[in-house]
Amino acid sequence: MEYIISALKYVFKNFIFIFAFALIPSYFFAMALDLRSLELIVSKLLAAEVDVSFGTVFNSFSLINSARWPFGLICFAAMAVCMPMLLAFIEKHMRIGSRSLKGLFKRINYNFISTFVLLVLALIVFELWALVSSGLIYAAILLFGGAARLIVSIVVAAGMFLLLSYIFMQVWLWLPCLHITGYNFMDALVFSSQAIGSNKKKLYVAIMLPYIAGMVLILAVVGICSNYDVIVPVFVLVELIFIFLFLYFNVLMYTAYFDAAGEEREDLKKRY
């Protein structure tokens, strides 16, 4: 829980300085969600059954789904622009203790390419994961019946969420290594893997728990609002959830990196 607490403290303490970087990506993330597919899945779960199509499952998982893929692409583009500035702010604050916004736009030139490349890789991994996960869940729906179908489908989904968290944990420090050390992509990957070392377990927990909690919250919001036939609160609440997750995971990269690299954080020092 050490990394979770550290990242949460930073987000809450500096929220007023960093929330603007998440507004546009979170808006288009909420727009990209296929709420109808999510509503159908939630209603099926509440009815203790999961008799849904492959397309419904995939559209619920995928950011680039068949129904709202343009918004997914805009969300990706927004993250590619906003993340370099957000990460530059976090790095500057942690390294020298300054929360000034001055010079952040110039950092796009330095951080953009590395951030964009890793975002593309992350999107490819995520979409492949969504495809495989949907296939496995749909196979469980076809092969089992009754209560077994529901149980197996939930177990498969949970297992795939745990697997995705593990995959991203392995490369979680790659981006801060690129930005801070100036190494090329492969050297930064090797260095980030070495830096994680014995911290893999707590980093995995720090990625997995908030991620699953965020997904559960989104499903809960969709389920509650669909029962009362409302739309706007779903969108707003999903956007707020993504704002928090977007900020948390970006901060987590640098809190974990500074701890793993043994570097002192200037933002934690008291200023008199």
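## Ground rules

Since the model is predicted, local features need pLDDT of at least 70 and side-chain atom pairs count only at pLDDT 80 or more, while totals for chains, interfaces and linings use all residues. Residues are numbered from 1 along each chain as its sequence is written, and side-chain values use heavy atoms, with hydrogens and water left out.

## Aromatic pairs

Searching the whole structure turns up 23 aromatic pairs. Here, rings of Phe, Tyr and Trp (its six-membered ring) pair if their centres lie within 6.5 Å; planes under 30 degrees apart are called stacked, over 60 edge-to-face, and the rest tilted. Phe17 and Phe89 make a stacked pair, at 6.3 Å centre to centre with 20° between the planes. Phe17 sits in helix α2 (residues 15-18) and Phe89 in helix α6 (residues 69-96), so this pair ties together parts that are 72 residues apart in sequence. Helices are DSSP runs (H or I, at least four residues), numbered from the N terminus. As for burial, the cut-offs are under 20% relative accessible area for buried, over 50% for exposed, and partly exposed in between (1.4 Å probe, protein chains only). Phe89 is buried at 0%, whereas Phe17 is partly exposed at 30%.

Then there's Trp174 with Phe185: the ring centres are 6.4 Å apart and the planes at 90°, so the pair is edge-to-face. Trp174 belongs to helix α9 (residues 174-181) and Phe185 to helix α10 (residues 185-196), so the parts tied together are 11 residues apart in sequence. Trp174 is buried, at 12% relative accessible area, while Phe185 is partly exposed at 30%. Elsewhere, Phe12, Trp172, Phe244, Tyr248 and Phe249 make up one aromatic cluster.

## A buried aspartate

Asp34 sits in the loop between α3 (20-32) and α4 (35-46). Asp34 is buried but has no salt bridge, and the nearest side chain of opposite charge, Arg36, is 6.3 Å away. A salt bridge would need a side-chain nitrogen of Lys or Arg within 4 Å of a carboxyl oxygen of Asp or Glu.

What Asp34 does have is a side-chain polar contact of 2.9 Å with Ser37. That term covers N or O atoms within 3.5 Å, where within protein one must be able to donate a hydrogen and the other to accept it, and residues adjacent in sequence count only if both atoms are side-chain atoms. Leaving out residues up to four places away in sequence, Asp34 touches Asn59, Asn65, Ala67 and Arg68, with contact meaning heavy atoms within 4.5 Å.

## Cysteines

There are 0 disulfides in the structure, going by cysteine sulfur atoms within 2.5 Å. For Cys82, the closest cysteine sulfur is in Cys75, 9.8 Å away and too far for a bond. Cys82 is buried at 9% relative accessible area, and Cys177 is buried at 0%.

Terms used: Helix = DSSP H or I, 4+ residues; strand = E, 2+ residues; numbered from the N terminus. Lys, Arg positive; Asp, Glu negative; His and termini not counted.
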